[in-house]
Amino acid sequence: MKNIDWSALGFDYFKTDINARAYYKDGAWSKLEYTDDEYINMHMSTTCLHYGLECFEGLKAFRGVDGKVRLFRADENAKRMQSSARKLCLPEPSVEMFVEACYEVVKRNIDYVPSYESGASLYLRPVLIGTKVGLGVKASHEAMFIVFCSPVGAYFKGGMKPIKVIVDRMQDRAAPRGTGDTKVGGNYGSSILSGEKAHTLGYSNVMYLDAVEHNYIEECGAANFFGIKDGKYITPKSASILPSITNKSLRTLAEDMGLQVEERPVPVSELKTFEEAGACGTAAVISPIGYIFDLDTDEKITYGNGNEVGPNCLKLYNALQDIQYGRAEDKFGWTMIVE
Ligand SMILES: *Cc1c(COP(=O)(O)O)cnc(C)c1O
């Protein structure tokens, strides 16, 4: 293991030794290449720079209690990148190539996987860009696939902490028949302004609502939303929500612990009826929500005392982290041991 102060890490780029690359040209993918070069060389008229022909993924590897390094559900990220690529008419990386690149990048940077005790992890960032040079708006039949990694700090230092969320109808993240269900850069571009506004006002996330009625919950920042009440795990269903792999895993674990799972439209008016609420994604697993403020209606909702983590959020968080860190049996086959 490298001599790095894992506890000082946040969520930032940190140089490691090796990244993986593959190129699509003339109808086929090249073999994966491994390099220590952090830069890519491209023409100024490359389509990804102009028309947003770009999608990415985010997943993690963890050093377990037994010293083994586990990669979490990389096949799911591979399938999601394929669905993003299809929507942008980009060449699709095969599941095998995607998983192999992730596996090799972890293996070749194994000394950068943080210590078990630190609660930190190795974040992997696969990215697919259209590399055709041109000016016209059309599909790119040339592409580049990259996987690099960066050690990242424990999301919650000193225990889980509830976040404050703002409902703001100023900016929609995605349209019903747009790209909301795919992990493309454009969705992020259209969420920065409202995100910055939320931060200025002292909130960590914006609750995005559906773009038609502004009545149904879509996403909580760059994370999915879920609420708990009456023994149920309830999460919004919509064509413009990104299918979070963390959410998918939590639904399985929720059912496993006896909660009923509901995926359906969730109106904003239902927020006040939940006993617990949270945002979920790879970065934090679960960010419990303590307080929600609706900027347009002035409504304020507090879960618990606003500062404590609900029992179901905590149980779900621990159940998932126990699998990721090898403390519990991986009975769903979610992890791949790298070394
Ligand atoms: C990446 C992402 C998530 C979380 O997905 P995970 O697979 O759980 O990391 C949720 N919402 C949006 C908009 C995202 O981009």
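Buried means under 20% relative accessible area, exposed means over 50%, and partly exposed lies in between. The structure used in these exercises is a predicted model.

**Exercise 1.** Classify Arg169 and Asp296 as buried, partly exposed or exposed, and describe the contact between them.

*Solution.* 
Step 1. Asp296 has a relative accessible area of 47%, so this residue is partly exposed.
Step 2. Arg169 has a value of 24% and is therefore partly exposed.
Step 3. The two residues form a salt bridge, in which the closest N and O atoms are 2.6 Å apart.
Step 4. Arg169 is in the loop between β9 (163-167) and α4 (185-189), whereas Asp296 is in the loop between β16 (285-294) and β17 (300-302).

**Exercise 2.** Locate the partners of the salt bridge between Arg80 and Glu57, and decide whether each is buried or exposed.

*Solution.* 
Step 1. The closest N and O atoms of Arg80 and Glu57 are 2.7 Å apart.
Step 2. Arg80 belongs to helix α2 (residues 74-87), and Glu57 to the loop between β4 (54-56) and β5 (59-63). The pair is 23 residues apart and links distant parts of the chain.
Step 3. Arg80 has 9% relative accessibility, so Arg80 is buried.
Step 4. Glu57 has a relative accessible area of 0%, so Glu57 is buried.

**Exercise 3.** Describe the salt bridge between Glu76 and Lys79 in terms of the helix that holds them.

*Solution.* 
Step 1. The side chains of Glu76 and Lys79 meet at 3.5 Å, N to O.
Step 2. Both residues are in helix α2; because they are three residues apart, about one helical turn separates them.
Step 3. Glu76 is buried at 13% relative accessibility, while Lys79 is partly exposed at 42%.

**Exercise 4.** Find the strand that holds Cys280 and determine whether this residue is buried or exposed.

*Solution.* 
Step 1. Cys280 is in strand β15, which covers residues 276-281.
Step 2. The relative accessible area of Cys280 is 1%, so Cys280 is buried.
Step 3. Leu250 is 30 residues from Cys280 in sequence, and their C-alpha atoms are 8.7 Å apart in space.

**Exercise 5.** Compare the radius of gyration of the chain with that of a compact globule.

*Solution.* 
Step 1. For 339 residues, a compact globule would have a radius of gyration near 20 Å.
Step 2. The chain has 20 Å, which agrees.

Note on methods. Residues are numbered from 1 along each chain as its sequence is written. This is a predicted model: local features need pLDDT of at least 70, side-chain atom pairs count only at pLDDT 80 or more; totals for chains, interfaces and linings use all residues. Side-chain values use heavy atoms; hydrogens and water are left out. The radius of gyration is taken over C-alpha atoms; the globule rule is 2.2 Å times the number of residues to the power 0.38. Helices (H or I, at least four residues) and strands (E, at least two) are DSSP runs, numbered from the N terminus. Buried means under 20% relative accessible area, exposed over 50%, partly exposed in between (1.4 Å probe, protein chains only). A salt bridge is a side-chain nitrogen of Lys or Arg within 4 Å of a carboxyl oxygen of Asp or Glu.
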